[in-house]
Amino acid sequence: MDKQVRMEIRRANGTRAVTKPVQKVIGPEYSMSFVCFECKTSNMRQYDVTPCDYPNSSVCPVCGNTTINLGRNFKPPKKSDLAQWKKVKFLVDNGFVFQKIRVERNSIESIPYPETLSEAKEFVVRYRKWAIKRAI
Ligand SMILES: [Zn+2]
């Protein structure tokens, strides 16, 4: 008697409880970039919480310093691109953590982030209303 047959017999006489297949809980497959300015790395992280409950910061797996949550929209520059990293740091220091900036109500159009540090300097002034002040 093979295993399959024995199993069927046990199911039929009730000695083997029929279990339903486990329903996989589908959570938000929501990765966010956590950026370390110390070693200029970015790691995508997922947490088992709703996106708005993701932590603002975490620990860098590379160097152990603090990483900053820059959300889903952030694309890290090359490690060697120091000018871009400087720009990103400047934006973050001024409350621009790559959140979407929508100036028109009920519009999905968002303001593109600046390309250079000098553009970023104008950007943080122009859009200061949208700056986020949060504890790291
Ligand atoms: Zn690091």
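1. Read along its sequence, the chain of this predicted model follows the pattern α-β-β-β-β-α-α. In total there are three helices and four strands.

2. The four strands form an open sheet in the order β2-β1-β4-β3, and their pairing is antiparallel. The edges are taken by β2 (41–45) and β3 (57–59); each of these has a single partner strand, so one side of each is left without a neighbour in the sheet. From one strand to the next, the twist averages 35 degrees. As background for the student, strands of a sheet pair through backbone hydrogen bonds, in either a parallel or an antiparallel manner.

3. The pairing of β1 with β4 deserves a separate remark. Strand β1 comprises residues 32–36 and strand β4 residues 66–69; the two run antiparallel and are joined by two bridges. Within this pairing, valine 35 stands opposite isoleucine 68 in β4.

4. Apart from neighbours within four places in sequence, serine 33 is in contact with Ser42, Asn43, Met44, Ile68, Asn69, Leu70, Gly71 and Phe74. Isoleucine 68, one of these contacts, is also the residue that valine 35 faces.

5. Attention may now turn to the helices. Two packed helices are described by the distance between their axes and by the angle between those axes. For helix α2 (residues 82–93) and helix α3 (residues 117–126), the axes come within 9 Å and cross at roughly 10 degrees. Angles under 35 degrees count as roughly parallel; α2 and α3 are therefore roughly parallel to each other.

6. Which residues of α2 and α3 meet? On the α2 side they are Lys86, Lys87, Phe90 and Leu91, and on the α3 side Leu117, Ala120, Lys121, Phe123 and Val124. Sorted by class, the contact has six nonpolar and three charged residues, with no polar ones.

7. Some totals describe the chain as a whole. Of its 136 residues, 29% are buried. The chain exposes about 9900 Å², of which carbon and sulfur atoms supply 52%. Among contacts with a separation of 6 or more, 50% are accounted for by residues 24 or more positions apart.

How values were computed: Residues numbered from 1 in each chain as written. Predicted model: local features only at pLDDT ≥ 70, side-chain atom pairs only at ≥ 80, totals over all residues. Heavy atoms only, no water. Pairing = 2+ DSSP bridges. Axes fitted to C-alpha atoms, helices over the stretch in contact; angles between N-to-C directions. Parallel < 35°, antiparallel > 145°, perpendicular 65-115°, else oblique. Contact = heavy atoms within 4.5 Å. Nonpolar A, V, L, I, M, F, W, Y, C, P; charged D, E, K, R; others polar. Buried < 20%, exposed > 50% of the residue type's maximum accessible area, 1.4 Å probe, protein only. Areas by Shrake-Rupley, 256 points an atom, 1.4 Å probe, with all protein chains shown as cover.
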